[in-house]
Amino acid sequence: MQNSSRLALYHYWVAFAVFLPAVVLGAWQMLIRSPLPAPLDDPDAYYASVTLHGTAMAYVVTTFFAMGFGYAVTATSLGRPVRGVAAAWICFVICLIGTLMAVAAVLAGHASVLYTFYPPLLASSWYYGGAFLLIGGSMIWVVLMIYNMTSWKRDNPGRPVPLAMFAITATAILWAWAASGVIVELVGILLPRSLGLTTEIDAGLARTLFSVTLHAIVYFWLMPAYIAFYTLLPQAAGGRLYSDTMGRLTFIMFIIFSVPVGMHHLFADPEHGAGMKFLQSFLTFFVALPTLLTVFSICASLEIAGRARGGRGLLGWIPALPWGEPMVLATGLSLVMLGLGGFGGLINMGYAMNSMIHNTSWVTAHFHMIFGGAVVIMYFAIAYEMWPRITGKPLQSKALARWQLWLWFAGMMIASIPWHITGLMGQPRRVAVFDYSDPFVARMGPLVIISVIGGAILLVSAILLIVILVRSQLGERRLEAPLRYALAVNPPKTVPAALNGFALWNAILLVLMVFAYGYPIGQFFILKSKVPAYEVSGPTNSVGGVDGP
Amino acid sequence: MAEIETNPLRRPLPDGVVPEEEITRTEDHWLAIMLGALGVMMGVMVVSAATNALHPPSNVETIDPATLHLGGEFAESNLGTAIEPDGSVTVRIIAEQYDFIPNCAQVPVDTPVKFRLTSPDVIHGFLLPATNVNTMVVPGFVAEVRTSFSRAGVYNMPCNEFCGNGHHGMWARVEVVSKEQFPRLAATERTSCAKQ
Amino acid sequence: MATDEFHHSAAARPEHVAAPIGSEEAVAALRNGPVGALVVASIAVALLFLGWLAFYFLLFIPRGSVG
Amino acid sequence: MVALLVVVSTVLGFGVLSRYQQNGPTLDLWNAICRGLGLSADTAPAKEPVPALRTPTRIAWTSNTLDQIAAGDAQRGAFIAMNCVACHGQGGVSTSTLIPTLAGMDPAVIYKQLDDYRSGKRLWGVMGAIGKVVSAQDSADVAAYFAVQSHGLPPLRGYRLPESGRSLREPDPAKRLVYAGDPQRGIPPCSACHGPGGYKLGAPALQGQHADYIERQLVAFAQGIRQNDIFEQMRMIAKQLTPDEMHAVAAFYGARGGAPSAAGVAVR
């Protein structure tokens with residue numbers, strides 16, 4: 001167990017160590033694009049910073065956090081040490097090397113292509129290589145999660161896999177499906193071109209492959225939060241999980257519906273027909289379903305807790321909840337942001353309605369609300385829940401943690417809501433500096449300034465997070481409390497095989513993927529759409545290196 | 001949590017505090033209501049898309065990005081607004097690092113307009129704020145948006161997709177003018193409001 | 001205690017399973033299901049649904065037809 | 001369940017929605033399916049009158065062109081370049097303020113300009129005649145030679161360290177135009193293509209070039225005297241600039257990066 005705990009802790013430390021500087025960059029980005037004066041107001045620095053911020057938040061923080069969470073869940077929910085610890089450490093080192101390579105390439109100015117890559121822009125092969133090691137390396141973790149679950153099932157025939165383990169394995173499987181797109185893009189298109197092995201890039205194909213990743217990756221980020229909703233929150237609140245079966249179904253639905261829907265990120269692209277776009281828009285509606293089910297299940301679990309704590313009347317259970325617990329408070333705040341962010345998502349996926357907001361600040365605001373808000377705040381709560389259990393040192397302190405969560409919530413709301421509005425007004429994304437003397441842009445000025453204030457609050461909150469974690473780490477070891485998972489109202493004695501494994505669901509997803517992506521990817525074998533690549537930092541391979549001796 | 005667990009006033013919440021049938025029934029109802037709500041949204045989307053012919057821009061047409069300027073539809077002399085025999089207009093625009101060409105396009109109000117754009121280098125975005133005109137411009141493809149403007153005025157036209165380190169400087173305009181004002185130039189020249 | 005061997009779907013070992021707590025009023029109130037939760041979740045989803053319709057008809061459609 | 005989703009979405013997407021076209025006729029089922037898949041493109045209208053073709057250059061950045069440039073032989077180029085030094089200076093480091101320094105220039109730029117002189121797309125006195133006597137291979141060789149000469153233009157590639165005052169808030173108009181451009185007039189930042197820190201295929205590095213030469217070219221673009229820029233990009237930008245701005249931007253680039261001077265030549 002000791003080794004499993006250390007494994008989880010190391011992953012968390014990497015995640016949060018990367019998180020803080022990435023928030024600093026984010027706050028500075030808010031400033032430079034606002035009408036306010038900013039230090040180092042250099043557009044090149046902005047684009048490098050956006051690349052770094054996105055790479056850090058989307059790939060590094062999330063992957064390391066999910067991996068660490070996975071090991072912690074495996075050890076505690078299965079009640080035995082993680083199997084394959086050596087492989088897990090190898091995975092950790094590979095992912096860390098990948099991270100360092102990618103960060104170095106961006107800092108050297110050879111990779112300002114944003115974390116979504118945007119070929120035919122072409123970055124240094126160090127950047128793509130780093131991303132490949134990080135994402136590809138995390139597949140070792142995927143295998144380890146599946147291996148730990150199946151070996152437990154073998155040792156405990158007929159018993160239901162603990163919900164938390166079932167869910168983290170679902171997360172791992174989802175990540176494998178999601179990552180397949182970006183891995184094929186990296187290995188098949190970007191790395192060969194950046195190494196000079198090929199001369200052209202098919203931008204349409206690259207975008208299509210990345211879209212396989214782009215939506216499901218969001219659910220990979222989201223899953224640890226949902227696992228906390230289902231397995232940690234009800235017990236932190238002092239109640240029971242409303243339905244174990246619904247939890248399992250929710251995670252299964254995420255696997256099935258979050259991958260064959262990525263084309264709603266390509267609604268505005270010219271490389272796909274409207275029929276295929278509608279088809280995936282249709283499927284996208286179903287990915288809202290598990291979230292809508294979760295909202296009810298979690299409210300019900302909280303009601304049970306509130307009533308157990310003496311809450312009466314129709315809504316009296318709400319004030320009766322232990323809002324002082326970071327996990328409960330974070331869930332409340334997270335659900336508010338999930339509601340607003342989910343609303344934005346319903347707009348984005350609305351087929352033609354996507355044209356209203358595509359690539360405006362609305363989209364940036366939307367995923368900050370969902371990921372930066374609803375998901376990340378649960379990462380904090382998970383850290384606060386797990387840190388004392390892993391280290392045996394109490395949280396320093398709960399009051400400070402509450403402040404940190406409230407600040408994060410307030411900061412995200414203040415930053416994101418005006419951002420949504422400027423998006424509706426037509427503010428384009430990823431623009432380093434705006435000309436506020438233009439009347440069209442000037443109208444957005446006050447809203448952008450409000451967002452900057454939100455960004456500053458977020459920065460304060462992120463610093464506070466690190467302070468709390470470091471203070472807790474430096475405290476004395478005096479706790480021996482195991483991590484406790486919530487009981488269901490009706491704890492299942494057995495569950496159907498379909499709800500205790502993933503073989504059936506993987507097969508169904510495969511069918512859906514062939515249906516949803518077969519033609520869109522297949523068409524590139526007939527289309528003549530390859531184009532030259534454009535290196536972001538000057539001529540190297542494009543003219544055969546003739547510019548240097 | 002420690003104090004909750006040891007609180008003598010609280011007794012164990014027994015298994016099945018909500019009966020299993022009750023749970024199944026509520027979850028089923030909730031699922032049905034959610035599917036119903038999503039179904040209504042889907043219905044609204046499908047019906048309005050059919051009656052108003054609303055689509056995301058989806059014309060799949062490939063083109064060689066390297067030789068655009070040597071001739072054909074996107075040669076420099078052919079960019080700008082063209083008037084079709086049926087009275088509709090077609091606007092051809094190049095989006096390149098880091099300019100739209102022409103950087104000012106003129107179209108008449110209440111007239112079917114077809115924007116055709118392509119890129120000779122990297123991915124760009126074409127957006128007219130306060131309208132639904134919005135498309136990616138991907139090299140190797142011709143992006144097409146069909147619409148008509150109901151309000152005259154000047155529309156800003158920022159590039160809305162990161163295209164490199166000069167992205168923030170890539171802004172242009174579309175001027176929507178009254179039908180009378182819209183100049184009908186000779187067939188040998190394209191209409192544009194770019195500075196000559 | 002409810003942490004018997006049948007509660008493995010929460011965690012494989014009893015020490016990782018939450019110690020359940022409660023009272024008789026809670027048991028009575030919950031007999032008919034979590035009505036309060038149904039109300040809260042319904043209001044939230046209704047707002048979402050109406051907001052979506054409002055955006056569709058009041059913002060998106062007036063901005064003009066595209067295709 | 002899944003089969004139902006597949007059937008319903010296919011029927012709606014291809015059988016219903018794809019039939020209705022914005023500003024166009026309703027399609028029959030077969031055409032709707034093709035349209036929905038993206039098989040039948042709405043190609044350019046054929047009936048409209050097409051203006052006489054005007055092209056700025058014969059060069060296109062195809063892989064053939066890039067291979068030709070990459071095949072340039074700097075040693076052979078050195079021999080040919082002996083004819084250039086009278087005007088462009090020893091080793092391509094020009095001492096005349098109206099003649100550009102070629103040392104360190106991207107070979108694609110030299111190659112394209114020589115072809116434009118050859119084809120008459122760029123008209124500039126004696127260069128037209130010179131362009132006619134050098135072959136495409138000669139151009140690639142001489143471009144390869146000048147590209148590796150030192151003491152001229154600093155290398156374009158690479159990174160510039162972040163520095164304050166490179167946004168639209170900068171009061172100095174030259175610095176503002178170079179690093180931030182002027183979005184309202186559709187002027188992108190010069191530096192994004194011409195450096196420092198930026199690069200675009202076919203765009204010359206300007207840092208260290210003679211200010212007088214840069215200014216003269218800007219005026220030529222603005223007046224339409226020079227028209228060999230692909231998609232009239234430089235013509236369009238230069239038309240937006242005031243004479244003062246042209247002068248200031250030219251001076252900004254000319255003054256930076258240690259303009260090649262007599263000192264540079266003396267070292268050689």
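This is a predicted model: local features need pLDDT of at least 70, side-chain atom pairs count only at pLDDT 80 or more; totals for chains, interfaces and linings use all residues.
Local features are reported only at pLDDT of at least 70 and side-chain atom pairs only at pLDDT 80 or more, whereas totals for chains, interfaces and linings use all residues. Residues are numbered from 1 along each chain as its sequence is written, chains are lettered from A and ligands numbered from 1 in the order in which they are written, and side-chain values use heavy atoms, with hydrogens and water left out.

We may begin with the interface of chains A and B. Here 78 residues of chain A are in contact with 65 residues of chain B, contact meaning heavy atoms within 4.5 Å. The buried area comes to about 6,000 Å², and carbon and sulfur atoms give 67% of it; this quantity is the accessible area (1.4 Å probe) that two parts lose on being put together, summed over both. One salt bridge is found across this interface, where the term stands for a side-chain nitrogen of Lys or Arg within 4 Å of a carboxyl oxygen of Asp or Glu. The partners are Glu161(B) and Arg430(A), at 2.4 Å from N to O.

On the side of chain A that touches chain B, the elements giving two or more residues include helix H2 (43-78), helix H6 (203-237) and strand E3 (530-532) of chain A. Helices (H or I, at least four residues) and strands (E, at least two) are DSSP runs, numbered from the N terminus. The largest share of this side, 15 residues, comes from H8(A). By class, the side divides into 47 nonpolar, 17 polar and 14 charged residues; Ala, Val, Leu, Ile, Met, Phe, Trp, Tyr, Cys and Pro count as nonpolar, Asp, Glu, Lys and Arg as charged, and the others, Gly among them, as polar.

Turning to chains D and A, the contact takes 43 residues from chain D and 54 residues from chain A. The area buried between them is about 3,800 Å², with 65% given by carbon and sulfur atoms. Two salt bridges are found across this interface, and one of them joins Arg166(D) to Asp42(A) at 2.6 Å, N to O. The count of residue pairs in polar contact is 13, both residues at pLDDT 80 or more. Helix H1 (2-16), helix H2 (29-37) and helix H3 (63-70) of chain D each supply at least two residues of the side that touches chain A, and H1(D) gives the most, with nine residues. That side of chain D has 23 nonpolar, twelve polar and eight charged residues.

His55(B) lies in the loop between helix H2 (20-51) and strand E1 (80-83) of chain B. At 4% relative accessibility the residue counts as buried (under 20% relative accessible area; exposed is over 50% and partly exposed in between; 1.4 Å probe, protein chains only). The side chain of His55(B) reaches the backbone oxygen of Leu17(D) at 3.2 Å. Leaving aside neighbours within four places in sequence, the contacts of His55(B) include Ala274(A), Val66(C) and Tyr20(D).

Over all chains, the search finds 53 aromatic pairs. Rings of Phe, Tyr and Trp (its six-membered ring) pair if their centres lie within 6.5 Å; planes under 30 degrees apart count as stacked, over 60 as edge-to-face and the rest as tilted. Phe117(A) and Tyr127(A) are edge-to-face because their planes stand at 85 degrees, with ring centres 6.0 Å apart. Phe117(A) is buried at 0% relative accessibility, and Tyr127(A) is likewise buried at 0%.

Some backbone features complete the picture. Most residues other than glycine have a negative phi, and most peptide bonds are trans. Tyr118(A), in the loop between H3 and E1 of chain A, has a positive phi of about 45 degrees and is buried, with a relative accessible area of 8%. Glu232(D) also has a positive phi of about 45 degrees. In chain B, cis peptide bonds join Gln97(B) to Tyr98(B), with omega about -10 degrees, and Ile101(B) to Pro102(B), with omega near 0 degrees.

Terms used: A polar contact is a pair of N or O atoms within 3.5 Å; within protein, one must be able to donate a hydrogen and the other to accept it, and residues adjacent in sequence count only if both atoms are side-chain atoms.
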